[in-house]
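Hello,

Here is the structure I promised to pass on to you. Have a look at it first, and then read on for what turned up.

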Amino acid sequence: MKDAELLQLVSPAIADLGLECLGIEYAPSRGNSLLRIYIDAPERPVTLDDCEAVSREVSAILDVNDPISGRYTLEVSSPGIDRPLFTPAQFARFIGQVAKLSLNLPVDGRRRLQGPIVAVEGDTITLEQDGTAVAVTHDNIQKARLVPDLVALGLAAEPKKGGRSPARKPNK
């Protein structure tokens with residue numbers, strides 16, 4: 001079953017809990033596959049209770065419908081500060097913020113891009129990469145995440161400007 005079909009199967013139950021299903025990552029494996037579901041809560045952070053409630057509901061749905069063959073681990077997660085982006089609408093919500101993309105096929109000779117999201121028009125996302133606008137179709141994006149501004153979040157200090165690093169004393 002494809003991610004889109006799994007998303008369609010579980011999203012209504014997640015919405016019934018007052019939460020949003022941002023997207024799904026399914027990583028098949030011989031021994032134990034991984035199904036990761038990202039959820040978000042409107043106007044508040046996602047709690048552990050939210051993740052547990054979604055896990056219970058989704059587990060029941062998956063048990064009844066049995067869309068995944070073999071053993072798998074279900075993981076329910078908040079998006080975190082390096083939020084994954086799954087849809088053009090999610091990219092549009094974060095215009096101006098920096099995103100990191102891995103592409104299926106190279107664009108301008110690159111399979112990895114990083115820069116501010118400049119625009120979203122239909123299924124085309126435009127990033128600024130090294131001062132140049134680069135347009136990528138959504139179906140060419142393998143994986144995308146926001147790059148958190150740790151300084152703005154208060155998790156890192158401002159970089160020092162113009163200073164040189166202190167000279168090191170040689171070992172004796």
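A salt bridge here is a side-chain nitrogen of Lys or Arg within 4 Å of a carboxyl oxygen of Asp or Glu. With that in mind, take D130 and R110: their closest N and O atoms are 3.0 Å apart, and they form a salt bridge. D130 sits in the loop between β6 (124-129) and β7 (132-137) while R110 belongs to strand β5 (residues 110-121), so this pair ties together parts that are 20 residues apart in sequence. D130 is exposed, with a relative accessible area of 64%, and R110 counts as partly exposed at 34%. Please keep in mind that this is a predicted model.

First, the overall layout. The protein has three helices and eight strands, and along the sequence they follow the pattern α-β-β-α-β-α-β-β-β-β-β. Of its 172 residues, 34% are buried. If you take the contacts with a separation of 6 or more, 53% of them are between residues 24 or more positions apart.

Back to the charged pairs. The whole structure holds seven salt bridges. One of them joins R36 to E25, with the closest N and O atoms 3.0 Å apart. R36 is in strand β2 (residues 33-40) and E25 in strand β1 (residues 20-27), so the pair ties together parts that are eleven residues apart in sequence. Both R36 and E25 are buried. There is also a network of salt bridges here, which links E25, R36 and E75.

Another salt bridge runs between R83 and D40, where the closest N and O atoms are 2.9 Å apart. R83 comes from the loop between β3 (72-77) and α3 (88-93), and D40 from strand β2, so parts that are 43 residues apart in sequence are tied together by this pair. Here, too, R83 is buried and so is D40.

Now to helix α2, which I think you will enjoy. Which residues of α2 are buried? They are D50, C51, A53, V54, V58, I61 and L62. Looking down the axis of α2, these buried residues fall within an arc of 165°, so they line one face of the helix.

Setting aside its neighbours within four places in sequence, I14 is in contact with L19, E20, C21, I37, I39, V54 and V58.

P84 lies in the loop between β3 and α3. Is P84 buried or exposed? P84 has a relative accessible area of 2%, so it is buried. Not counting residues up to four places away in sequence, P84 touches Y38, P79, Q90, A144 and R145. Between P84 and A99, which are 15 residues apart in sequence, the C-alpha to C-alpha separation is 9.2 Å.

The other one is S33, in strand β2. At 4% relative accessibility, S33 counts as buried. What does the side chain of S33 reach at 3.0 Å? The answer is the backbone nitrogen of S29. Beyond residues up to four places away in sequence, S33 touches Y26, A27, P28, R71, Y72 and T73.

Happy browsing, and do write back with any questions.

Best wishes

Definitions and conventions. Residues are numbered from 1 along each chain as its sequence is written. This is a predicted model: local features need pLDDT of at least 70, side-chain atom pairs count only at pLDDT 80 or more; totals for chains, interfaces and linings use all residues. Side-chain values use heavy atoms; hydrogens and water are left out. Helices (H or I, at least four residues) and strands (E, at least two) are DSSP runs, numbered from the N terminus. Buried means under 20% relative accessible area, exposed over 50%, partly exposed in between (1.4 Å probe, protein chains only). The arc is that of the directions from the helix axis to the C-beta atoms. Contact means heavy atoms within 4.5 Å. A polar contact is a pair of N or O atoms within 3.5 Å; within protein, one must be able to donate a hydrogen and the other to accept it, and residues adjacent in sequence count only if both atoms are side-chain atoms.
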